[in-house]
Amino acid sequence: MSAVRSVGVVGGGVAGFASAILLAEAGVEVDLVDAKPDLGAIGSGITLQGNALRVLHRLGVWDGVQRLGFGFDTLGLRAPDGTVLAVIPDTRTGGTDLPATVGMYRPDLAVLLAARATELGVRVRTGVAATALAQDGDTVDLSTSDGESKRYDLVIGADGVRSWTRAAAGVELTTEPVGMGIWRAFTRRPESVTRTDLTYGGAAYIAGYCPTGEDSLYAYLVEDAQDRSGLSPDERLATMRALAENYGGPWEDIRAHLTDPSRVHYTWFEEHLLDGPWHRGRVVLIGDAVHCCPPTLAQGAAQALEDALVLSELLTTHDSLGDDLWAEFSSRRLPRVRAVVEGSVQLCRWLLAGERGDTQALIGRITGILSEAP
């Protein structure tokens with residue numbers, strides 16, 4: 001017995017597609033819409049820790065992730081001049097049969113998930129925006145920009161930090177800047193990069209990189225949040241290169257490949273958490289729509305995937321969308337997500353204040369939580 005027979009999903013990120021895949025596997029009719037015309041055209045690199053890989057394995061896309069991504073089991077710490085300070089074995093939070101971490105090109109992951117969903121019969125429509133929601137107690141109508149209006153048992157809002165679904169459902173949530181901005185660049189991987197290395201301090205708060213494939217990586221530099229919107233693409237590239245000049249070791253090889261302005265992006269770190277029920281009637285929010293945080297623990301995608309896993313499990317094992325289902329969903333997700341959001345923000349606050357903080361204890365505590373099944 002399933003609590004739902006038909007579900008509309010708004011948003012084609014990892015949370016939306018994971019939900020669609022798992023529900024379709026269970027025989028639920030699923031439609032997914034996303035306002036972006038090409039889901040594989042946006043993004044650079046993504047870091048997937050073991051608990052994310054555990055869900056991707058369950059989704060049936062692990063072979064593709066393993067083939068296209070770059071797996072590793074250690075984390076390096078370096079001084080600004082490139083000197084290796086420590087190489088730390090990373091915890092395999094997804095179990096011993098999976099790597100501790102895989103870096104990959106985000107559009108590649110999007111294509112894998114979309115293909116798997118389509119294979120299972122999910123009706124995927126890109127370039128189509130949600131425009132209206134209307135609930136009558138037993139069903140919810142979802143209208144879209146292509147003129148369609150369809151009735152579902154449930155609508156899942158997985159449409160990101162600026163969620164349209166959240167606003168349409170009447171959920172108020174304030175997104176706050178953390179005080180840091182991040183430069184990201186996607187480029188070629190030099191042979192000197194075989195894992196994530198982090199440098200804390202120097203000209204930036206954090207300088208790091210993650211291999212995303214045999215021939216690619218993404219590199220990032222974290223600074224005080226600034227208004228960089230007036231910079232041209234060439235100026236953005238020059239600014240990131242100038243900041244990177246302060247770092248040695250593999251950064252010298254990376255800088256040689258930082259030549260494409262279109263591959264350089266700048267965003268602010270933000271955070272929010274909906275500390276209460278994530279549903280309103282027959283509309284439920286997951287992923288960045290209800291929780292976002294700085295990537296200091298590299299858990300954004302992982303927590304979105306876990307949301308989808310738990311929600312889909314409950315929807316396909318309960319008889320109805322009753323209070324018991326939503327209470328269990330909240331009890332299994334909210335404490336775990338809160339720990340990740342608060343921990344991620346705390347790491348930023350220590351850096352901004354120039355405080356050492358007990359980073360090792362914080363990361364150890366979060367790792368212990370994430371090693372348990374969601």
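Author: What follows is a set of questions and answers, moving from the whole chain to its sheets, its cores and its charged pairs.
This is a predicted model, in which local features need pLDDT of at least 70 and side-chain atom pairs count only at pLDDT 80 or more, while totals for chains, interfaces and linings use all residues. Residues are numbered from 1 along each chain as its sequence is written, and side-chain values use heavy atoms, with hydrogens and water left out.

Reader: What radius of gyration does the protein chain have, and what would a compact globule have?
Author: The radius of gyration is taken over C-alpha atoms, and the globule rule is 2.2 Å times the number of residues to the power 0.38. For 374 residues a compact globule would come near 21 Å, and the protein chain agrees with this. Along its principal axes the C-alpha trace spans about 60 × 40 × 40 Å, and the radius of gyration of the chain is 21 Å.

Reader: What percentage of the residues in the protein chain is buried?
Author: A residue is called buried under 20% relative accessible area, exposed over 50%, and partly exposed in between (1.4 Å probe, protein chains only). Applied to the 374 residues of the protein chain, this gives a buried share of 52%.
The chain holds 10 helices and 20 strands, where helices (H or I, at least four residues) and strands (E, at least two) are DSSP runs numbered from the N terminus.

Reader: Why is helix α2 described as largely enclosed, and how many of its residues are buried?
Author: The buried residues of α2 include Gly50, Asn51 and Ala52, and just after the helix Gly60 takes a positive phi of about 85 degrees. Helix α2 (residues 50–59) is largely enclosed by the rest of the structure because, of its 10 residues, the number buried is 7.

Reader: Which residues have the most contacts inside the largest nonpolar core?
Author: A nonpolar core is a set of buried Ala, Val, Leu, Ile, Met, Phe, Trp, Tyr and Cys residues joined through side-chain atoms within 4.5 Å. Contact means heavy atoms within 4.5 Å, and beyond its neighbours within four places in sequence Val65 is in contact with residues including Leu53, Val102 and Leu112. The largest core has 65 residues, and those with the most contacts inside it are Leu56, Leu59 and Val65.

Reader: How far apart are the closest N and O atoms of Arg333 and Asp307?
Author: A salt bridge is a side-chain nitrogen of Lys or Arg within 4 Å of a carboxyl oxygen of Asp or Glu, and a search of the whole structure finds 24 of them. Both Arg333 and Asp307 are buried. They form a salt bridge, with their closest N and O atoms at a distance of 2.7 Å.
Arg333 lies in helix α9 (residues 323–353) and Asp307 in helix α8 (residues 300–317), so the pair ties together parts that are 26 residues apart in sequence.

Reader: Is Glu119 buried or exposed?
Author: The side chains of Glu119 and Arg116 meet in a salt bridge of 3.0 Å, N to O, and both residues lie in helix α4 (residues 106–119), 3 residues apart. Arg116 is buried at 16% relative accessible area, whereas Glu119, at 61%, is exposed.
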